[in-house]
Amino acid sequence: MVKKILYGLLKKFKFLPQKTFIKIYYEYYSGKKLDLDNPVEFYEKISWYKVFFRPKILNQLVDKYAVKAYVEDKIGKQYLNETLAVYDRSSEVDFDKLPDQFVVKGVHGYHFNLIVKDKKTEQNQIEIFAQEMDV
């Protein structure tokens, strides 16, 4: 229970500078102090990358939509799924115009995905998702 509360509080610290947040996060999970000046253990090195490794291509690679152009350029369009539409706001999505099976993905996070296998039977799930996206 206490660990769950601490984890919830830890998530709220994302406003901190990346270096500070990573140090707190690492210490919380490992119980050890993070030495970013001399990383030795594997997760220390991963943490170092999170703080200091910032190549320009990374912005394109972490964006679910922008990375499609990169993949198409490097290995070809045949490895990509079809993009039905791109929206700037969740309120623009007209779920009635989408096919019976579709996936909606937000480019701003991993938990903004909706997989619909049958639009008729999953209408309630679609409505809940649309309300959460408008928050």
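Q: How much space lies in the largest pocket?
A: In this predicted model, the largest pocket holds about 1000 Å³ of space. Of its 31 lining residues, Ala85, Val103, Val104, Lys105 and Gly106 are the closest to the centre.

Q: What makes a residue part of the lining of a pocket?
A: A lining residue has an atom within 4 Å of a point of the pocket. The elements that give two or more residues to the lining of the largest pocket are α5 (66-74), β1 (102-105) and α6 (123-133). Strand β1 gives the most, with four residues.

Q: Which classes of residue make up the lining of the largest pocket?
A: The lining has 17 nonpolar, seven polar and seven charged residues.

Q: Why are α2 and α3 called roughly antiparallel?
A: Helix α2 (residues 18-30) packs against helix α3 (residues 42-52) at an angle of about 160°, with the axes 9 Å apart. Angles over 145 degrees count as roughly antiparallel; α2 and α3 are therefore roughly antiparallel to each other. Their crossing is right-handed.

Q: How do you know which residues of α2 and α3 are in contact?
A: Contact means heavy atoms within 4.5 Å. Gln18, Lys19, Ile22 and Tyr26 in α2 meet Tyr43, Glu44, Ser47, Lys50, Val51 and Phe52 in α3. By class, this contact has five nonpolar, two polar and three charged residues.

Key: Residues are numbered from 1 along each chain as its sequence is written. This is a predicted model: local features need pLDDT of at least 70, side-chain atom pairs count only at pLDDT 80 or more; totals for chains, interfaces and linings use all residues. Side-chain values use heavy atoms; hydrogens and water are left out. Axes are lines fitted to C-alpha atoms, for helices over the stretch in contact, and angles run from 0 to 180 degrees between N-to-C directions. Angles under 35 degrees count as roughly parallel, over 145 as roughly antiparallel, 65 to 115 as roughly perpendicular and the rest as oblique. A crossing is left-handed if the near helix is turned anticlockwise from the far one by less than a right angle, and right-handed if clockwise. Ala, Val, Leu, Ile, Met, Phe, Trp, Tyr, Cys and Pro count as nonpolar, Asp, Glu, Lys and Arg as charged, and the others, Gly among them, as polar. On a 1 Å grid over the protein atoms alone, a cavity is a set of points where a 1.4 Å probe fits but cannot get out, and a pocket is an open set with protein on both sides within 12 Å along at least five of seven lines; lining residues have an atom within 4 Å of a point. Grid points are joined across faces, edges and corners, and a volume is the space filled by probe spheres set on the points.
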